[in-house]
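Thank you for making the time this morning.

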Amino acid sequence: MLARSPPAPPVSVPGKAANNPPFPQSAHPAPYNRIATSPPQASSSRTSSAVPSLTSGSYAGSTAGDSDSSNGITSGIDLVELMNDRLGNAVDPLPLDRSLARQAQTSGALNAKHQELLELQALAQRRLKGARANFADGMKAAKEVKKDLDWSQKRVS
C-alpha cells in the first residue's frame, strides 16, 4: 500500500480585473476584430469578384485602440482580392505545370514497366513449370534406364 501524503495547501489565484482584456492587445493585434460587421456596399467599380469583400479599418498600421476600428469605418480594402493578387504574383504556375506533366509521364512509364515486369514474371513462371515437368520426365526415364541396366547386368552375370 502506498502512504498518502498530506494534502497540498491551497494556491491563491489573483482575481481577474473587469477591465483587463484576456490577451495583451498591443502585443498581438487581432485583425479579425476589425472586420466590418455590416455587409459590404456594392460598388460599380468592383463587380468582377463573385466573393463578397471583407474590409478592415486601416489594417496595416492600426492598433487595438484606433477609433476607426472601434466605429466599424472601413477603408475599402478587399482582402480576398489583395490575397489573390499577392499569391498570384508569388507563385509562377508554369514550372508547377511542367513538373506535373513530367510526373504524369513518369508515372505512365513506370506503370508500363510494371505491367511488362508482371508479364515477364508470368512467362518465367510458365517456363519454370515446363522445365520442372521436363526434369521430372527425365528423372523418370533415367530411373527406368538404370532399372533396365541393373536387370541386364543380372542377366549377363
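This is a predicted model: local features need pLDDT of at least 70, side-chain atom pairs count only at pLDDT 80 or more; totals for chains, interfaces and linings use all residues.

Which residues form a nonpolar patch on the surface? Leu117, Leu120 and Leu123 do, and together they have about 270 Å² of accessible area, where areas come from the Shrake-Rupley method with a 1.4 Å probe and, for residues, only the protein chains shown count as cover. A patch here takes residues with over 30% relative accessible area and no salt bridge, joining like charges within 9 Å and nonpolar side chains (Val, Leu, Ile, Met, Phe, Trp, Tyr) within 5 Å.

Residues are numbered from 1 along each chain as its sequence is written, and side-chain values use heavy atoms, leaving out hydrogens and water.

Leu117 lies in helix α3, residues 93-156, helices being DSSP runs of H or I with at least four residues, strands runs of E with at least two, both numbered from the N terminus. Leu117 is exposed at 57% relative accessible area, with buried meaning under 20%, exposed over 50% and partly exposed in between (1.4 Å probe, protein chains only).

As for charge, Lys113 forms a salt bridge with Glu116, their closest N and O atoms being 3.8 Å apart; the rule asks for a side-chain nitrogen of Lys or Arg within 4 Å of a carboxyl oxygen of Asp or Glu. Lys113 and Glu116 are three residues apart in helix α3, so about one helical turn separates them.

Overall, the protein has three helices and zero strands, and buried residues make up 6% of its 157 residues.
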